[in-house]
Amino acid sequence: MIKNYFKIALRNLNKNKVFSFINIFGLAMGLACCMLIASFVYSELSYDKYPEKAKQIYRVGINVTGNGSVETYTHVDIGVGAGMKNAIPEIEAFTRLLKSRETFVKYGNKEFKEQKLACVDSNFFQIFSIPFIEGNVRTALIEPNSIVITKAFANKYFGKEEAMGKQLSMGRLTFKVTGVIDQIPDPSHFHFDAFSSLSSMPPMAQTWSNVGFYTYLVLNKNADTKKLEAKFPNLVAKYVVPEIVHDMGVSLAEAQKTVNTFRFFIQPLTSIHLYSNTKQEIEPNGDIQYVYIFGALAIFIMLLACVNFTNLSTAVSAKRAREVALRKVMGSKKKQLVLQFLVESVSITYIAIFFAFIIVYALIPYFNQISGKHIDFGFFFNSQCLVAVLILGLIVGILAGIYPAVFLSSFNITKVLKGISSNSTTRKSHLRSGLVVFQFAVSTVLIIATLVVYKQLYFMQNKKLGYDKEQVLYLQDTYILGPKSTLNAFKQELLKDSRIVNVSVGTDIPGNPNMDGTQIYPKDKEADENSSEIHADIFHVDYDYIPTLGMRIVQGRNFSKDFSTDSSAVVINQAAVNSLGWRENNVIGKTIVRSGQQTYKVIGVVTDFHYASVKQKIAPLMMTLSANYRTSLIVKIKTTDIRNLLADIKRKWTVFNSSAPFSYYFLDENFASLYATEQKTGQIFTLFAVIAILIACLGLFGLVTYVTQQRIKEIGIRKIFGATVPDLTLLVSQSFLKLVLIAFFIAVPFSWWAMNKWLQNYHYRVQISWWIFIVAGIGVLIIALLTVSFQAFKAAIANPVKNLRIE
């Protein structure tokens with residue numbers, strides 16, 4: 001019997017080629033999108049689950065409250081891990097990670113600039129269950145100046161040579177390779193190429209009141225995290241308060257307020273990637289919101305494909321009515337007829353799955369590019385994925401076919417054989433109309449969402465930043481040219497070129513996430529109740545930094561060589577003024593205390609400028625003259641002949657140090673890279689909006705084709721009685737275009753609500769303009785009109801005599 005069902009299914013596929021193609025192609029596109037998005041969601045949800053004790057590992061962070069706002073840090077001070085383990089019995093172990101600044105690594109005559117370097121505790125690889133290819137995981141990082149590297153890192157420096165025991169030079173230090181790992185797993189919130197022993201660092205006081213060390217705790221299986229966090233305030237009182245008294249020079253009573261403003265918390269390792277998005281993250285994380293958005297997108301696109309199948313199956317039901325009636329006369333039961341139609345729909349679905357794999361194979365390189373993933377096509381052929389796809393096919397087949405199966409099997413035998421239309425025709429028509437509305441409502445929402453994403457992206461890329469990013473060249477690692485005198489000589493040599501407007505020496509530049517930060521405190525806090533302790537980012541600059549980047553000073557002055565005291569002076573931004581609780585017109589001459597009781601006198605205030613992503617609120621910033629010449633050069637240029645200018649700069653560079661690598665980038669290009677997430681989001685929305693519209697138009701095309709076939713004689717008669725081609729085209733098109741308009745009015749309020757919610761993630765954001773809805777509505781209407789009009793026009797220009805002869 002089942003074999004017979006499959007034969008009938010194949011016969012019907014062959015008999016209705018157009019409708020079969022639309023159904024199979026629509027389902028294939030829907031399934032392909034579902035598979036791609038599912039692979040993305042699976043990747044996002046699998047982060048940091050590779051350690052053996054992943055569910056027991058937590059990262060320690062701090063929430064610092066100051067002047068009405070809360071700053072979240074995902075790293076803590078050096079002594080926190082050991083102190084918590086000693087004080088809290090539920091903690092089995094701890095380990096720490098400290099990001100290293102980018103530096104040059106040398107072996108023999110090979111020297112490369114490395115950015116992915118870290119210092120870790122000796123038990124780091126055990127806690128994170130990272131296996132070794134060579135070396136002993138327990139002892140590799142016990143000794144100072146030992147280092148564990150990845151296989152790719154080893155090949156880069158040693159080629160086919162044995163890596164173990166080799167010496168790598170990093171600045172003034174030399175490290176011995178004591179272990180080799182394959183690589184850090186892709187689904188991890190950190191990725192480094194080399195891990196040196198934390199014991200290589202000079203001895204440091206085990207302090208609690210600063211930040212910098214990513215600290216991970218391993219809790220026992222029965223630990224109650226809420227009860228554990230309740231013990232943290234006592235630790236703040238015991239360790240942090242005395243440090244505040246010592247470092248800030250405040251009274252004990254004032255320092256004790258820290259217990260309420262300095263709050264440690266712990267975060268599950270497995271939730272870091274999707275639920276932690278502070279600017280102190282090791283790497284940019286994902287966002288659970290996008291998992292929900294793309295998951296919903298997959299479901300809706302799959303539903304669009306199912307809607308097509310349901311719509312077309314019910315539309316062509318009249319052609320199969322006699323077949324159903326005859327089967328009932330011959331003794332077929334309703335249950336058997338339902339099963340037959342479900343077998344047909346499931347068969348179509350599994351044929352569609354075959355083509356879905358082909359579409360996935362074609363799209364996966366592009367999808368990886370826009371999603372930032374490294375999903376291999378082989379992923380879809382592992383046993384779990386194949387089973388999931390087969391189950392999905394069965395569900396989709398039943399979901400898409402259940403209504404047509406029940407509907408077709410319910411035909412009244414007598415009425416059908418007499419040629420009387422069923423009284424369910426009206427209900428059937430209403431259902432098809434509702435499904436068309438659903439399809440185009442989803443498509444309209446996706447178009448509006450895409451337009452809003454790109455409008456926000458355009459806004460962020462073109463917002464006035466408070467400094468000039470155009471034609472600013474950043475020469476990296478100029479400290480390797482030689483001592484301070486050599487760097488100054490190179491700077492003066494560059495300034496001789498008329499195409500170079502200004503040159504500044506600095507360690508920090510807008511758009512660079514690796515900046516220093518510290519807690520600062522107004523010296524007169526106890527005399528001013530509005531003042532408070534805050535966290536401030538630090539830019540290490542020289543005298544020419546502010547004019548080179550075109551920043552505007554609103555109070556006071558810039559650093560000047562005429563004032564020897566400027567070595568202990570500071571220029572702050574307006575955000576720092578407000579966060580410290582000072583009045584904006586009474587700032588110059590005030591003193592800021594930094595952790596460790598280092599004091600700075602405020603000599604100037606610059607307007608707030610976006611030194612991080614426009615997505616984030618501008619944070620407090622202090623700029624200090626830096627004696628640290630492990631720096632780079634910021635070069636303001638004015639020329640259209642950039643290629644020759646770069647060649648001339650490189651030539652001068654070679655004169656000063658022929659062996660030093662010459663590297664650079666332009667500030668505006670680096671700034672654009674801050675919005676990679678938004679660019680990818682826009683591309684993904686565009687891709688799936690196009691697919692959704694394509695599926696919807698396929699279904700609409702099929703319906704119009706069916707309707708014109710049903711009304712072919714009516715169209716012929718109307719044409720004979722004088723109806724024009726435009727009249728007939730409008731006759732067929734208008735009912736469908738009305739459905740598209742209804743879909744538009746349903747989509748507008750939902751998309752406005754959804755995209756407004758999405759925009760709340762951005763501190764600086766656009767308003768959703770009315771024109772976005774108009775453009776989306778007109779766009780969908782034109783697409784639908786072209787789809788409908790093609791078949792309607794084809795029917796209208798057909799020979800009426802020929803059509804009226806059709807029996």
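Since the model is predicted, local features were taken only at pLDDT of at least 70 and side-chain atom pairs only at pLDDT 80 or more, while totals for chains, interfaces and linings use all residues. Residues are numbered from 1 along each chain as its sequence is written, and side-chain values use heavy atoms, with hydrogens and water left out.

The chain holds 26 helices and 24 strands; these are DSSP runs numbered from the N terminus, with H or I over at least four residues for helices and E over at least two for strands. Of the 807 residues, 53% are buried (buried is under 20% relative accessible area, exposed over 50%, partly exposed in between, with a 1.4 Å probe and protein chains only). Counting contacts (heavy atoms within 4.5 Å) between residues at least 6 apart in sequence, 79% join residues at least 24 apart.

Strand β17 (residues 534-541) is a well-covered piece, with eight of its eight residues buried. In a regular strand the side chains alternate between the two faces of the sheet. Here Ile534, Ala536, Ile538 and His540 point one way, His535, Asp537, Phe539 and Val541 point the other way, and all are buried. β17 has partners in both senses, where pairing takes at least two DSSP bridges between two strands. With β16 (residues 516-522) the pairing is antiparallel, over five bridges, and with β22 (residues 621-625) it is parallel, also over five bridges.

Another set of strands makes an open, antiparallel sheet of four, in the order β15-β23-β14-β24. Its edges are β15 (500-506) and β24 (664-666), each pairing on one side only. Neighbouring strands are turned by 20° against each other on average, direction ignored (axes are lines fitted to C-alpha atoms, for helices over the stretch in contact, and angles run from 0 to 180 degrees between N-to-C directions). Within this sheet, β14 (residues 472-475) and β23 (residues 632-637) run antiparallel and are joined by four bridges, with leucine 475 opposite leucine 633 in β23. Helix α17 packs on the sheet, touching β14, β15 and β23, and its direction makes about 165° with that of β15.

α17 (residues 484-495) also meets helix α20 (residues 642-656): the two axes come within 11 Å and cross at roughly 150°. The pair therefore counts as roughly antiparallel (over 145 degrees; under 35 is roughly parallel, 65 to 115 roughly perpendicular and the rest oblique). The crossing is right-handed, the near helix being turned clockwise from the far one by less than a right angle. Thr486, Ala489, Phe490, Glu493 and Leu494 of α17 meet Ile649, Lys652, Trp653 and Phe656 of α20. By class, that contact has six nonpolar, one polar and two charged residues (Ala, Val, Leu, Ile, Met, Phe, Trp, Tyr, Cys and Pro are nonpolar, Asp, Glu, Lys and Arg charged, and the others, Gly among them, polar).

Aspartate 566, between β18 (553-556) and β19 (569-573), counts as buried because its relative accessibility is 0%. Leaving out residues up to four places away in sequence, aspartate 566 touches Arg557, Asn558, Phe559, Ser560, Ile603 and Leu625. Aspartate 48 is not a glycine, yet its phi is positive, near 60°; it lies between α2 (17-45) and β1 (57-66) and is buried at 0%.
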